[in-house]
Amino acid sequence: MTASRRLLSTPTGPLVVWCASRMAVAIAVLVAATSWLRGWYHWDVALYIKVAQYGYGGYPDHYPDQGIAAFFPGLPLTLRLVHVLVGNWVWCGLIVSAIAGAVAVTALARITELEAPRGAGTWAVLALVLSPYAVFLAAGYSEALFLAFALPAWLAARRRSWLAAGLLAAAASTVRVTGLFLAVALIVEYLTAHRRLRADVAWLLLPAIPLGLFVVHLHHVLGDWRAWSHAEERMWGRTFTAPWDALQTTWDAATASGVQSDYAWQFRADIAAIGLGLVLTIVLLAWSRWAEATYVGLQVVALGTSSFYLSVGRATLLWFPLWVLLGKLAVKHKSLFAVYVIVATPLMFAQTVGFVTGDWVG
């Protein structure tokens, strides 16, 4: 057995892959950015930091910014906690994502190996960290923190530990609205396991509590019961629309003359991501993976019925059944997985360079 194969089969394999990928990303940023730390301070990073510093009322000496109500409080609260020990806010985000990512990839590997040979979990982690959008697992964004709660919640559900699953899903629901889709999928997993409702299903309703508290808090600060949805409309232009209209609007934006190239390519990538999500959902349904299909399918429906596709490519990071599937594929068909690595790796580094130099990458 070669050294690399021995690494894949060890419990520490996923963490080794995670740390090695973080080092590779850090070196790429060091080469590409004029200031390494400043390179990480782009786009939503600044908005999460703003919430962490000033809350949802915004900077008091500037103006109230109701647009930041679109960002759930889990990450800002975690940033504030880390800031007690770390003075720089950007560093806080990087540290949170690094630690949360380590937790997430460990859980991803264990989920994969519940029904796959040893080593498949490390392959799944490798697939995730080579995703074209993996830069968002390193930056001070919410994806890593969400996965750090969501994947252990799923692992607990697979082990039929419903209290732990409910508590972890509740934590995930403080980070992203995707926690709501996770909660629904966990209930489907529960019904798949037990075929009937029992008293312990109530634990899976826990994610509704932080969502309700968030709504109440925004009303207290901003005086609007629908502050979150209004922020999505005002800041991001997101409203519910027919899926064919959303596709047409996105396609027009991707192909219109005069559109900045980085935006045009990301719109095209978002269209491809919606297609990927549809295929993945259909495959999961065909395999009777009802809970996983619910989790991915609800996200595809939500993203595909927005005014236009926005950050769908980035959302693929949260579709853990995709990474589990790729991990299993790698074990059986290494040549096919090699194709994925050859295609994904340069895209991942290109997106990373784009992010730290200020381009829109998702």
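Me: Which residues line the largest cavity?
Reply: A cavity is a set of points on a 1 Å grid over the protein atoms alone where a 1.4 Å probe fits but cannot get out, and lining residues have an atom within 4 Å of a point. This is a predicted model, where local features need pLDDT of at least 70, side-chain atom pairs count only at pLDDT 80 or more, and totals for chains, interfaces and linings use all residues. Residues are numbered from 1 along each chain as its sequence is written, and side-chain values use heavy atoms, with hydrogens and water left out. The lining of the largest cavity is Y263, Q266, F267, D270, L310, S311, W360 and G362.

Me: How much space lies in the largest cavity?
Reply: The search of the whole structure finds 1 cavity of 30 Å³ or more. A volume is the space filled by probe spheres set on the points, with grid points joined across faces, edges and corners. For the largest cavity that space is about 40 Å³.

Me: Which element gives the largest share of the lining of the largest pocket?
Reply: A pocket is an open set with protein on both sides within 12 Å along at least five of seven lines. The largest pocket holds about 860 Å³. Of its 34 lining residues, the closest to the centre are V177, W228, E232, R238 and L303. The largest share, 5 residues, comes from α13.

Me: How many charged residues are in the lining of the second largest pocket?
Reply: The second largest pocket has a volume of about 390 Å³. Among its 17 lining residues, P132, L276, L322, W323 and Y340 are the closest to its centre. Ala, Val, Leu, Ile, Met, Phe, Trp, Tyr, Cys and Pro count as nonpolar, Asp, Glu, Lys and Arg as charged, and the others, Gly among them, as polar. The lining has 14 nonpolar and 3 polar residues, and the charged count is none.

Me: Are α9 and α10 roughly parallel or roughly antiparallel?
Reply: Helices are DSSP runs (H or I, at least four residues), numbered from the N terminus. Helix α9 (residues 143-158) and helix α10 (residues 162-173) pack at about 160°, with axes 8 Å apart. Angles run from 0 to 180 degrees between N-to-C directions, and axes are lines fitted to C-alpha atoms over the stretch in contact. Under 35 degrees counts as roughly parallel, over 145 as roughly antiparallel, 65 to 115 as roughly perpendicular and the rest as oblique, so α9 and α10 are roughly antiparallel.

Methods:
Helix = DSSP H or I, 4+ residues; strand = E, 2+ residues; numbered from the N terminus.
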